[in-house]
Amino acid sequence: MDTAADRLKIAVQKSGRLTEQTMQLLERCGLKIRKSKDQLFCYGENMPIDLLLVRDDDIPGLVGEDVCDLGIAGLNVIEEKRLNGTFESGQTPFHELRQLGFGECRLSLAAPEAQEWSGPQSLEGRRIATSYPALTRDYLDRNGVNADVVYFSGAVEIAPRLGKAEFISDLVSTGSTLVANQLVELETLLDSQVALIQTNAPLSDAKQEWIDRLLQRMEGVMQVSESKYIMLHAPRTAVAEITRILPGSEAPTILPLEGIDDRVAVHAVCRENVFWETLESLKAAGASSMLVLPVEKMLA
Ligand code: ATP
Ligand code: ZN
């Protein structure tokens, strides 16, 4: 298969906070790409996968309208689009395949320090500036509160100073933008990270097979990023205790040491990072000659 119709099309952010990590993830899944001159389209040289480089806000729509088979975007834009419900069918035409563990942020409600706040009812009759009107209205509805949602396409944090709103709901990661604008974070409306979505339209078997393969590779890449391979020597009698200390390890491999009867070599894959504190605990349990190695690829 390699006709244009059989090539998977994935919508990704053209340039922004998600671009580097998205491209890195796809590269680590084995994809080699050639950028076209206009740089809106990337051709996958070694897999039947092409990338469409677009604004992140357009990604759920492109997948929903079947222009792309898959999309990689923040849950904030995915959920906003889903709640917006401006699809012909009236139903959400895409579904989430998996969350990808980067681009973490939250949609939070915030207000100037002097603003009175004793819970969602403090919003009654007030104005909230946001770039996420659907998510914000959904929060108001869930709390049975009536408030005006004022749409801002950007620079939401200055809305209170402009006298346009008493509250804002905006994306926060470290919170430094809020602090710089003398705003206090009040409540989280949505916890977000990047997710992979797929169109609900039926796909050819060939495309679906590549999606399954890509998902399996993503699984491996995500596990590997934290995983370590650890090797150490330990007294035979301490193996049970040492296995207990190793973070997120399955049954370790126990190997004899030439000429030494009371000590063995222990090899294990730890699915979590191994910190100095862990090595110190292992040493206290009798381990020596400890070596921690990064894991490059993993396939369950
Ligand atoms: P585009 O031109 O693609 O529309 P943008 O300016 O809307 O870009 P970015 O600022 O690059 O978007 O943010 C993209 C995504 O990064 C957000 O939708 C969100 O999922 C995620 N993100 C992570 N941390 C933050 C943050 N502190 N502020 C805003 N977005 C964040
Ligand atoms: Zn955007």
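**Strands, helices and a metal site**

Modeller: Strand E7 and strand E11 (residues 183-192) run antiparallel and are joined by 8 bridges, where strands are DSSP runs of E with at least two residues and helices are runs of H or I with at least four, numbered from the N terminus, and two strands pair if DSSP finds at least two bridges between them. This is a predicted model, in which local features need pLDDT of at least 70 and side-chain atom pairs count only at pLDDT 80 or more, while totals for chains, interfaces and linings use all residues. Residues are numbered from 1 along each chain as its sequence is written, chains are lettered from A and ligands numbered from 1 in the order in which they are written, and side-chain values use heavy atoms, with hydrogens and water left out.

Biologist: How many of the 8 residues of strand E7 are buried?

Modeller: Buried means under 20% relative accessible area, exposed means over 50%, and partly exposed lies in between, with a 1.4 Å probe and protein chains only. By that rule strand E7 (residues 105-112) is mostly covered, and the number of its residues that are buried is 6.

Biologist: Which strands stand at the edges of the open sheet of 5 strands?

Modeller: The order of this sheet is E9-E8-E10-E7-E11, and its pairing is mixed. Each edge strand has a single partner, so one side of each is left without a neighbour in the sheet, and these strands are E9 (148-151) and E11.

Biologist: At about what angle to E11 does helix H4 run?

Modeller: Helix H4 (residues 133-142) packs on the sheet and touches E7, E8, E9, E10 and E11, where contact means heavy atoms within 4.5 Å. Axes are lines fitted to C-alpha atoms, for helices over the stretch in contact, and angles run from 0 to 180 degrees between N-to-C directions.

Biologist: Which strands does helix H8 lie across?

Modeller: A further open sheet, of 4 strands, has the order E14-E15-E13-E16 with antiparallel pairing. Helix H8 (residues 276-284) runs at about 150° to E16, and the strands that H8 lies across are E13 and E16.

Biologist: Is Thr22 buried or exposed?

Modeller: Thr22 is found in helix H1 (residues 19-28), and, not counting residues up to four places away in sequence, Thr22 touches Val12, Ile72 and Phe102. With a relative accessible area of 1%, Thr22 is buried.

Biologist: Why is the arrangement around the zinc ion (ligand 2) called irregular?

Modeller: The zinc ion (ligand 2) is coordinated by Asp56 (OD) and Asp57 (OD), at 2.0 to 2.1 Å; donors are N, O and S atoms within 2.8 Å of the metal (3.2 Å for Na, K and Ca), and water is not among the atoms, so sites may look incomplete. Four donors count as tetrahedral if all angles lie between 85 and 135 degrees, while four count as square planar and six as octahedral if opposite donors are over 155 degrees apart and all others between 65 and 115, anything else being irregular. The arrangement is irregular because the 4 donor atoms subtend angles of 76 to 169°.
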